[in-house]
Amino acid sequence: MDPTGDLLLETPVDGGLTTGAVARLLGVAPTTLRSWDRRYGIGPAARQDGRHRRWTGADIASLRHMCALTSAGLPPAEAARTALAGTSGAGTSSTGPSRAEGSGAGASGAPAAPRSARASRAPGPLPVGRARQECRGLARAAVRLDAPALDELLTAVLDRYGLPAAWDEVIMPVLHAVGRKWETAGERYIEVEHLLSWHVSGALRGVTAGRTPTPGAGLALLACAPGETHTLALEALAATLAQQGLPVRMFGAAVPAGALEDAIRRTGPAAVVLWAQSRKTASPALVARLDALEWGVRGARRRPVVCVAGPGWAGRQAPGARHLSGLSDAVDTLATL
């Protein structure tokens, strides 16, 4: 897929991009763009009919410069002055603030970035590859730790594509990119991963707020294996099932085996989904224990259908369990129980 395809479709005939398209491109909330325009004058040079913003290539170059400077720790007002001076060709580099020493200002007269800001530059871009354009915007917002932009972008993606497609094609690729960076860069990306995960979790819960399960539908109990702390994929499954009117009990991270068995006896679920992110937490012995559980009156006892999901189960035998391969497969399987 051409990563610029969605953006090109939003380009008006007379040239220039809408504020929403630019926000998705740069990973900045539309309200932030309007605020920068109003406060600092870093906005479109021309407006259609004198009112509607249409951003040209030069306008977007200024915004890219502004985003880079604020990510490096420069206050927005200083970043805007530097970005505007650089775009006007007044001697400031187009990729960052002037580094003239001694005077504390760049060649254009704009203040140089404080030493503390230069020493604590934000992490570099995330490797999302040839993914959807929304992936790039979401990744940029995460690296900038831009919480309002993350909320707006996640809401827009979920509204536009629906939960399963948004998860598979936008959210999960960005989460994987953060994970790859975290593995190679150490603790430097932990704050990015934690902030992104928190906002994804909130967006997923918001999708299903107030939904009422369909009466009589089979209950699905979702839990991470003991010692497993990765919950977002299960949260996406819980939200998708709830959207379809299926009752869910989401127990989250690192559920002890005894507590999970007790929850099964108390709720009598039609299915149990056990998530394992790593082979270390994927326990076939626990699957066998859950598969043997029964509840109900004597003579009419029932057992749950035990399902396993997550990369930790790849290549592992889990007798008595159904393997779920991805969000869509999990939803289709559980909907039939």
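Valine 273 stands opposite cysteine 307 in strand E6. This is a predicted model, in which local features need pLDDT of at least 70, side-chain atom pairs count only at pLDDT 80 or more, and totals for chains, interfaces and linings use all residues. Residues are numbered from 1 along each chain as its sequence is written, and side-chain values use heavy atoms, without hydrogens and water.

Start with E6 and its partners. Strands (E, at least two residues) and helices (H or I, at least four) are DSSP runs numbered from the N terminus. Two strands pair if DSSP finds at least two bridges between them. Strand E5 (residues 271–275) runs parallel to E6, with five bridges. On E6 and strand E7 (residues 322–324), three bridges join the pair, again in the parallel sense. There, cysteine 307 stands opposite arginine 322.

E6 spans residues 305–309, and four of its five residues are buried, so the strand is largely enclosed by the rest of the structure. Buried means under 20% relative accessible area, with a 1.4 Å probe and protein chains only.

Now turn to the largest pocket. A pocket is an open set of points on a 1 Å grid over the protein atoms alone, where a 1.4 Å probe fits, with protein on both sides within 12 Å along at least five of seven lines; lining residues have an atom within 4 Å of a point. The largest pocket holds about 1,000 Å³ of space, a volume filled by probe spheres set on the points. Of its 32 lining residues, His230, Leu232, Ala233, Trp275 and Gln277 are the closest to the centre. Helix H9 (163–185) is among the elements giving two or more residues. H9 gives the most, with nine.

How values were computed:
Buried < 20%, exposed > 50% of the residue type's maximum accessible area, 1.4 Å probe, protein only.
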